[in-house]
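I opened this entry to keep track of what I looked up, in the order I looked it up.

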Amino acid sequence: MSILVVHERCVRQKSVASGCKLCINSCDYDALELDGAFVRLISANCTECAACLFVCPTGAMDSDGGSVIGVEGVFAAAASEDSDYILEVTENTAFDWSVVADEANALLDLANLPQKVVVSFVDDADKPSIDGSKRALFRMFSKDGVKEASKKLKNTEELTGELDFSALKTRFLPKRRFDFLSLVSEKQFFGDLDTCMPLSFATDKHIDESCDNCSLCYNLCPSGALETTAMKNAVLFSPYLCLKCKLCEDVCEKKAISSLPAFELAYFANKQKKVLIRFKSKICPSCGIVFTGDGNECARCAKESEDAMELLGL
């Protein structure tokens, strides 16, 4: 398994306001670093412990293997087993693997499934002993190593030039969420439909009255959990699509949108949209666009009218 960084899925590429550093904070081996808006992988330091894969909400941290990723993936894997699921991991002091097992086991209990997730630490002593310098040397002459060296020589502008901007704008849902939803789509899967619990991979949302409908939250939402209507007179939310990346909260200047402490598990089954806030929409008489607000014109036309009046000395 090799760790990959898919920059087009990273929330830091969607907005400079993103403060996400989950992958970097989970790495105990200095294998990830931040270079402007880019997360760079230092493969020579990487032990492939996969902690970054588990914490990345949008799937920007990926692998070329078929490994089970995230609480959703572990839950789905355990639910398909006839006995307890053994989660084999490498010890990492920056990431608590028991948290993953505890959350997956809580979901298994709510689903009345007998299986349990058991964390098993892989002993590094059982692996071939290669010191860091030798591993780096061998890595240098591999196909991935040459590719990585080429990327490291490129500056931020060159990496930006290689971004697929159409992919940046495309809504994306990680495979682990698809697998999870296909498993729990039955209405009674989690028993009591009123069951709520905090989740590491999804969150319910609230928008207060300070929202000015600037559109950043629903335009930048990577999964499409947030959206608006054709008249742009409401913010709609599909909780089952939320990845808990919190980009919407990072970009909101008014801090009007926030996460609720508990998630209603029935959202995964009913897949309904909810209205977070409604606005009074109008058609601007000057330019014809739909806008919300108290004025008679949209903000752009109102500013143009104000500037014209000032130029005319009125």
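**Entry 1: overall make-up.** I counted 13 helices and 15 strands in the protein. Helices (H or I, at least four residues) and strands (E, at least two) are DSSP runs, numbered from the N terminus. The model is predicted, so local features need pLDDT of at least 70 and side-chain atom pairs count only at pLDDT 80 or more, while totals for chains, interfaces and linings use all residues. Residues are numbered from 1 along each chain as its sequence is written, and side-chain values use heavy atoms, with hydrogens and water left out.

I then looked up burial: 43% of the 314 residues are buried. Buried means under 20% relative accessible area, exposed over 50%, and partly exposed in between (1.4 Å probe, protein chains only). For contacts (heavy atoms within 4.5 Å), I took those with a separation of 6 or more, and 72% of them join residues 24 or more positions apart.

**Entry 2: confidence.** I checked pLDDT, the predictor's confidence in each residue, from 0 to 100. The protein averages 86, and 86% of the residues score at least 70. Over residues 125-137 the pLDDT is below 50, and this stretch has nine contacts in the model beyond near neighbours in sequence. Where pLDDT is low, the predicted coordinates should not be read in detail.

Entry 3: In what order do the three strands of the open sheet lie? I found the order 9-10-13, with antiparallel pairing. Strand 9 (226-228) and strand 13 (274-278) are the edge strands, each pairing on one side only. On average, neighbouring strands of this sheet are turned by 30° against each other, direction ignored. The axes here are lines fitted to C-alpha atoms, for helices over the stretch in contact, and angles run from 0 to 180 degrees between N-to-C directions.

Two strands pair if DSSP finds at least two bridges between them. Strand 9 and strand 10 are joined by three bridges, and strand 10 (residues 234-237) pairs with strand 13 over four bridges. I noted some partners: Glu-227 has Leu-236 in strand 10 as its bridge partner, Leu-236 stands opposite Val-275 in strand 13, and Phe-237 is bridged to Lys-274 in strand 13. The hairpin of strand 9 and strand 10 has five residues between the strands, and Lys-232 there takes a positive phi near 55°.

Which way do the residues of strand 10 point? Ala-234 and Leu-236 point one way, Val-235 and Phe-237 the other way, and all are buried. In a regular strand the side chains alternate between the two faces of the sheet.

**Entry 4: aromatic rings.** I searched the whole structure and got eleven aromatic pairs. Rings of Phe, Tyr and Trp (its six-membered ring) pair if their centres lie within 6.5 Å; planes under 30 degrees apart count as stacked, over 60 as edge-to-face and the rest as tilted. Phe-75 and Phe-189 are an edge-to-face pair, 6.2 Å centre to centre with 75° between the planes. Phe-75 is in helix 3 (residues 70-79) and Phe-189 in the loop between helix 9 (175-184) and strand 7 (196-197), 114 residues apart. Both Phe-75 and Phe-189 are buried.

Phe-180 and Phe-201 are also edge-to-face, at 5.4 Å and 70°. Phe-180 counts as buried because its relative accessible area is 0%, and Phe-201 is buried at 6%. One aromatic cluster includes Phe-75, Phe-180, Phe-189 and Phe-201.
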